[in-house]
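Please walk me through this model.

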Amino acid sequence: MNSMPEDDPIRCDACPVLCYIKPGRTGACDRYGNHSGQLVRIDPHVVLDRAVTRGDSVVPFLDRDREWDGSIVSGPENFVTAIGAGTTYPDFKPAPFIISSHVQGVDMVTVVTEGIFSYCGVKLKVDTDRHLGPETNTVRAQGEPVGHVTTSEYGSQMISLGGVRHLTGGSRQEGSATCETLLNLCNRKPVELTIDEGASVIIQAGKAPIVDGTQEERMRVGCGSATIGMFAKQWFGKVDEVVVVDDHITGVLSEHQAGKLLGVRETGIKMKGRRSTPGRYFRVAEPGTAWGGTNIEDPLSILQAFNPKFAWPNLRLLMVSTTGEHHAYFELDEALRPVEKELPRSLGKSVNRIKENCEPALCTVLFMGGAGGSLRAGVTENPVRLTHSVRDALTRVTCGGAPVYVWPGGGITFMVDVTRMPENAFGYVPTPALVAPVEFTLKISDYAALGGYMEHVRPLDSIMQGEGHRHLSARPENPWPLSRKKSSHENPRSGR
Amino acid sequence: MKNRAQATLLPDGRRLHLHDGPIDLIIEAFGTESEIKKAYRVAAERFESVLDELCRELPLLRQSATENGPRPVGVIAMRMYDAVLPYCQQTFVTPMAAVAGSVAEEILRSMMSVATLSRAYVNNGGDIALHLSTGESFIVGMVERPDEPSLFGTLRLDAAHAVRGIATSGWRGRSFSLGIADAVTVLADRASAADAAATIIANNVDLPGHPSIVRIPACELDPDSDLGDRLVTRQVGELSDGEISDALRAGAVIARSILSDGLIRAAALRLHGSTSVIREATPSGIALDADPIQSSEVLIHA
């Protein structure tokens, strides 16, 4: 017959009911399912194991021959994340798993749920001096608008993606392109974005951005003026003039305050662009992806002829970008024209030092979600009390075990660095919306007080004894979710 | 295979959680500590073989029950069969319609056979078997709509009243339903009887052929379903007020007839925020203030 094996129902032998399960469906227990012809424990729980130290290996407990022997430490050394907990929308049932464990003599409850986030977004911080595109311009994925370029801050370009308008406010294609983009970014996969009137950039959480095919290496050490300030002393005596080329503020050593203080002699250099204050120039060129985030390929193009009143033959000129990535060394000939020469070793050192002082350029992906809506009803009968409890810092919110920043103000709107979460923690539903884990951890007495589903609380052991969980090492950089001590990683929250 | 069933005490130290395959039971017993311990131990022991017993006769239990057909032999299976038998001439029904209540009833029975308890309940996913000794009562919270999980009221069940079983059925639940009720809650003398009746009544809260109701053959979702190719409800769209009361009325007719046959004590039918309550006209032996359903009447069309 021509039916593919994946299309056939399979027989589940996890219990004597022996359900015959169709592809994409679960058995009577809602715990096992048919995934493309494979019997899988649906939504395996991810258990972060505090005791297993470091290492990054993920142990899939779905492997039949590697089934868990039940011997692991019990209680608060394990934290069950919401990944794979499953959810019901619009959360009319209690959250799928409400887990309790004793921590330092206090009954703790973790309400583990996977939220469906149809209003969510992603904030990108792209470390690059290269010009990605004009502020407010549309950012596209697969040709569909999925967000926009926002402000540029401290050498990083901020980009905002998703949100309710792109996810559900536009066309069907716009919604699914947005959903897919957010999903891939959150699951730390590379995504290509194009910016209207700007660059095409490949973004991947925790990796360097690739702008128009060129991989970014380093963030600039500072603006051109700051670079002069930082390195003036090291240049003094080894070179007569330094121009630090930067899209924002290009610095000129001899005119700069730092050079003046050292007694650097006037060189008669004449810059293009608009002078801001002495030694600081705006807009020496157009933004671009070449020297220092400008469109400059030939650095001399931003210089005018040297003023013969001050300049002299053999004047030594260093031109360098704010990352040290581009540099060129010139000496003036008899006609006071710069002639490129090999960079002297003494100057090579300072160029390398600029490079050294530049942080590696990375893409940061922050998932921004809100638990202000019906998701709360899966946690408590009186949803607003959960919000208050979070505000009062009685309830800790984590996302796949990772700490979150909860925005002050209304609702429970939080941001989380996706690289601190377990891999592939995100899913989606065709709504379109993202599915992400959220855990609320609080004292069991506080949980009862806020109208929690006490009858659904299950001890941690009952999850640990079940077969379907993934067992991960806790990330050392994350505060332990069940720790009662406030950690320095956590943002301070004001009381209500 | 023997360690499959799990028995754990919930963190409150009071309630017992039994789990095996698709079965999850939450149990609480009240009495002296030693009697509670005895009851829980027996419940866990009894539970161990429950799933195997049922599965042994599963093909038979998935068949439509018939008056003179083959009877199952297991204790629980027989209870299921007996619970659905009163309906088998009028409608299609298999013993599986009463599985949850019958399991709850059997576990409660095992506990009561060894322990002296003032009160006890065995909750099998909303299908509940109760024990009340003289003078005792239970307060049962009621949820009007499953998508708004707040208690709209509580009902008090006194020992003097005959109700010892509560069951809820609806298309939003874990089992398939042929009807569109959000929830039908039934009070009966036994959990197995309540379970069967809730299933039958929920199947009849319906608007046949209505365009905004999505139905799919049960076997397309679950090839093993006892419902075969019967259409089960997957989605209920907008309904007008008139349609809501039509559907509720259709269910109420069946509920009233089941009640007059003495099979149940009361039923509350809920659909899109409207509630229809059927109860005994003269609740014999019950003090009026203990009328279990009284509070819900106030909330009709809440």
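## Basis and confidence

This is a predicted model, in which local features need pLDDT of at least 70, side-chain atom pairs count only at pLDDT 80 or more, and totals for chains, interfaces and linings use all residues. Residues are numbered from 1 along each chain as its sequence is written, while chains are lettered from A and ligands numbered from 1 in the order in which they are written.

pLDDT is the predictor's confidence in each residue, from 0 to 100. Chain A averages 76, and 71% of its residues score at least 70. Where pLDDT is low, the predicted coordinates should not be read in detail. A contact means that two C-beta atoms, placed from the backbone, lie within 7 Å.

## Make-up of chain A

Chain A holds 8 helices and 35 strands. These elements are DSSP runs, numbered from the N terminus: helices are H or I with at least four residues, strands are E with at least two.

Of the 496 residues in chain A, 46% count as buried. Burial is a count of other C-beta atoms (placed from the backbone) within 10 Å of a residue's own: 20 or more is buried, 12 or fewer is exposed, and in between is partly exposed. Among contacts in chain A with a separation of 6 or more, 66% link residues 24 or more positions apart.

## A seven-strand sheet

In chain A, 7 strands form an open sheet with mixed pairing, in the order S21-S22-S19-S18-S24-S25-S26. Strand S21 (274-277) and strand S26 (338-341) of chain A are the edges; each has a single partner strand, so one side of each lacks a neighbour in the sheet. From one strand to the next, the twist averages 30°. Strands count as paired if DSSP finds at least two bridges between them.

S21(A) and S22(A) run antiparallel, joined by 3 bridges. A:Thr277 has A:Arg280 in S22(A) as its bridge partner. Their hairpin has 2 residues between the strands, and A:Gly279 there takes a positive phi near 80°. Strand S19 (residues 249-252) of chain A pairs with strand S22 (residues 280-282) of chain A, antiparallel over 3 bridges. Here A:Ile249 stands opposite A:Phe282 of S22(A). Helix H3 (residues 224-235) of chain A packs on the sheet and touches strand S18 (241-245), S19 and S22 of chain A; its direction makes about 25° with that of S19(A).

## Three loop residues

A:Asn314 sits in the loop between strand S23 (303-304) and strand S24 (316-321) of chain A. A:Asn314 is exposed because 9 other C-beta atoms lie within 10 Å. Leaving out residues up to four places away in sequence, A:Asn314 touches A:Glu331 and A:Leu332. Its C-alpha is 6.0 Å from that of A:Asp333, 19 residues apart along the chain.

A:Gln142 is not a glycine, yet has a positive phi near 50°. The loop between S11 and strand S12 (144-153) of chain A holds A:Gln142. With 16 other C-beta atoms within 10 Å, A:Gln142 is partly exposed. A:Arg188, also not a glycine, has a positive phi of about 65°. Its loop joins helix H2 (172-186) and strand S14 (191-195) of chain A. A:Arg188 is partly exposed, with 19 C-beta neighbours inside 10 Å.

## Two helix pairs in chain B

Two packed helices are described by the angle between their axes and the distance between the axes. Axes are lines fitted to C-alpha atoms, for helices over the stretch in contact, with angles from 0 to 180 degrees between N-to-C directions. Helix H4 (residues 75-84) and helix H6 (residues 191-204) of chain B cross at roughly 50°, their axes coming within 9 Å. H4(B) and H6(B) are therefore oblique to each other. Angles under 35 degrees are roughly parallel, over 145 roughly antiparallel, 65 to 115 roughly perpendicular, and the rest oblique. The contact residues include B:Arg79 and B:Met80 of H4(B), and B:Ser192 and B:Ala193 of H6(B).

Helix H1 (residues 33-48) and helix H5 (residues 99-114) of chain B pack at about 135°, with axes 8 Å apart. H1(B) and H5(B) are therefore oblique to each other. Among the residues making this contact are B:Lys38 and B:Phe47 of H1(B), and B:Ile107 and B:Val114 of H5(B).
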